[in-house]
Amino acid sequence: MSILDIIKDTNITFEQRVLGLARAAENTLDVLEMTDYVKEYREAGIICDLFEGNAPYRPRYILPDYDKFMKGGCEFLNITSPTDIWEATNNLLMFYKHVPSITTMPVYLGNIDYLLEKFVTDENEGECYRAIKLFLKHIDTTITDSFCHANIGPRETKAGMLILKAMRELELPTPNLTLKYSEETTNKLAIESINTALVTAKPSFAKDSMYREDFGGNEYGIVSCYNGLEVGGGAHTLVRVRLGRLAEKASNKADFMENVLPKVAHEMLGYIDERIRFILEESVFFQVNFLVAEGFIKKEKFTGLFGMVGLAECVNHLMELEGNTGRFGSNDLANELGEDIVKVLTKIIKAHRCKYFESEDKKHLLHSQVGIETDAGESPGCRIPIGEEPEIFDLIVQAAPFHKYFASGLGDIYSFDETYKKNPQAILDIINGGFNMGLRFFSMYGSDCDVVRVTGYLVKRSEMKKLDEGKVVLRDTTILGKGARDNGRVLQRKLRKK
């Protein structure tokens, strides 16, 4: 889209127009060193840097240490520690305004129940509920992008229960929400979370023990779609490979596994490193930003993300090249091939040393990317194509072996019939069973929800309808959701009935 097209576009807000113009300006530059291979594969859409721009001037995902902020305030913003619920929510809202990301808005809001819990008592619960509702409404109206993500749990808190109650009442797509689920999590909190998800498509469930092990016991956050990253750090960049298209470059399965796949992996890792080099050596973000100066984020806690999409289509194509009709998700050989592909990528990524990381132990993370609105004919990450999904228990058995490879996120999305509202314990039993089998993440929504989970983010059906009618909408993710609905059939997932 040209600059003039952006200026004349009648379907975007002023804020969306300004952001579009900024991206267009950045993309007039050509400052990154790329091999001819990367240039060719970017042009072909096989390697994609997901709209990060040609001159990355800030990390893609930033996870400030909000605990540090709440305890000590912020000198740059002239904010002191809060003394009550109103100061606590107001301080966070002010701070969020200054946390950038790929979207220009924060993708991580912290463990908001823990941040607010000390200010909630039995005596002031009504006042706190009002403050939390206003807090969430403010976030939805000013952070107009549902890649914005908050966490709760694993412990049950008064603040957490009020947050869930408010989210059910408000039915807003932002912020996204994940419950860190562990043995500490009470049945009451888990059931309340499921009841909320069946109304407003959040929270998702994250297996807390699995993430903590992946991050060496350090505090982590679930951000953006469902990306697991270290608190106080984040991810400089996310570059993905479209495996379905990549498979078309191979003459047979052996050629793909031995030549095509390793080549793209090494080239992508070099490109990821180049984007990190520019951020650290030419962009001044880590030199001048107050988040760094005051210790809310630390350079050594950042990594890079190696994303992949279209595993199902890749496997299916390779199976056809071998004269086999088995398909990913329903055939053992196809599923084994899918895992072999992931194993190859994992081995290469773990062996790679990024010279811009201060520790040799720091590695890029494999991420099951959920796709973008223009993807057609290529399924998110490791998911089975919509329309081919098996029954839920078979799907969990098929998906579970893949989850251990993706420290920075992998998950399926389940649409439940409204009758499950009468028995949320049945869904919790499914989640517990899935986590026991090796799942790390579980997302759901009710079939009658207005707020639905598109890929990893949330969109209101009613807002997409406005777009269909040519009306302007508040959130840019609604535009993305409409594209994913039209191109990826994301609202046609298999309905799980009792």
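Glu 322 touches Asn 252 and Lys 253, where residues up to four places away in sequence are not counted and contact means heavy atoms within 4.5 Å. The model is a predicted one, in which local features need pLDDT of at least 70 and side-chain atom pairs count only at pLDDT 80 or more, while totals for chains, interfaces and linings use all residues. Residues are numbered from 1 along each chain as its sequence is written, and side-chain values use heavy atoms, with hydrogens and water left out.

Glu 322 is located in the loop between helix H15 (311–321) and helix H16 (332–351); helices (H or I, at least four residues) and strands (E, at least two) are DSSP runs, numbered from the N terminus. With a relative accessibility of 43%, Glu 322 counts as partly exposed. In this scheme, buried means under 20% relative accessible area, exposed over 50%, and partly exposed in between (1.4 Å probe, protein chains only). Between the C-alpha atoms of Glu 322 and Ala 254 the separation is 9.8 Å, and these residues are 68 apart along the chain.

Asp 65 is found in the loop between strand S2 (61–62) and H4. Its relative accessible area is 25%, so Asp 65 is partly exposed. Apart from neighbours within four places in sequence, the contacts of Asp 65 are Val 231, Gly 232 and Phe 296. Asp 65 and Ala 407, 342 residues apart in sequence, are 20 Å apart in space, C-alpha to C-alpha. Asn 91, in helix H5, has a relative accessible area of 8% and is therefore buried. Residues up to four places away in sequence again being left out, Asn 91 touches Phe 69, Ile 79, Thr 80, Ser 81 and Pro 82.

Phe 69 and Phe 296 also take part in aromatic pairing. The structure holds 22 aromatic pairs; rings of Phe, Tyr and Trp (its six-membered ring) pair if their centres lie within 6.5 Å, and planes under 30 degrees apart count as stacked, over 60 as edge-to-face and the rest as tilted. The ring centres of Phe 69 and Phe 296 are 6.3 Å apart and their planes lie at 75°, so this pair is edge-to-face. Because Phe 69 belongs to helix H4 (residues 66–72) and Phe 296 to the loop between helix H14 (290–293) and strand S10 (302–309), the pair ties together parts that are 227 residues apart in sequence. Both Phe 69 and Phe 296 are buried.

The rings of Phe 76 and Phe 290, by contrast, are stacked, because their centres are 4.9 Å apart and their planes are at 10°. This pair links distant parts of the chain, 214 residues apart, with Phe 76 in the loop between H4 and helix H5 (85–96) and Phe 290 in helix H14. Phe 76 is exposed, at a relative accessible area of 57%, whereas Phe 290 is buried, at 8%. These residues belong to one aromatic cluster, formed by Tyr 66, Phe 69, Phe 76, Phe 95, Tyr 96, Tyr 108, Phe 135, Phe 290 and Phe 296.

The largest nonpolar core has 157 residues, and Phe 205, Phe 256 and Ile 341 have the most contacts inside it. A nonpolar core is a set of buried Ala, Val, Leu, Ile, Met, Phe, Trp, Tyr and Cys residues joined through side-chain atoms within 4.5 Å. Helix H12 (residues 253–282) gives the most to this core, with 14 residues. Phe 256 touches Leu 246, Ala 247, Ala 250, Leu 261, Pro 262, Cys 314, Leu 318 and Ile 341, not counting residues up to four places away in sequence.

The largest pocket has a volume of about 1300 Å³. On a 1 Å grid over the protein atoms alone, a pocket is an open set of points with protein on both sides within 12 Å along at least five of seven lines, a cavity is a set of points where a 1.4 Å probe fits but cannot get out, and lining residues have an atom within 4 Å of a point. Grid points are joined across faces, edges and corners, and a volume is the space filled by probe spheres set on the points. The largest pocket is lined by 47 residues, of which Arg 23, Leu 50, Phe 51, Glu 373 and Leu 480 are the closest to its centre. H2 gives the most to this lining, with six residues. The structure also holds four cavities of 30 Å³ or more, and the largest cavity has a volume of about 80 Å³.
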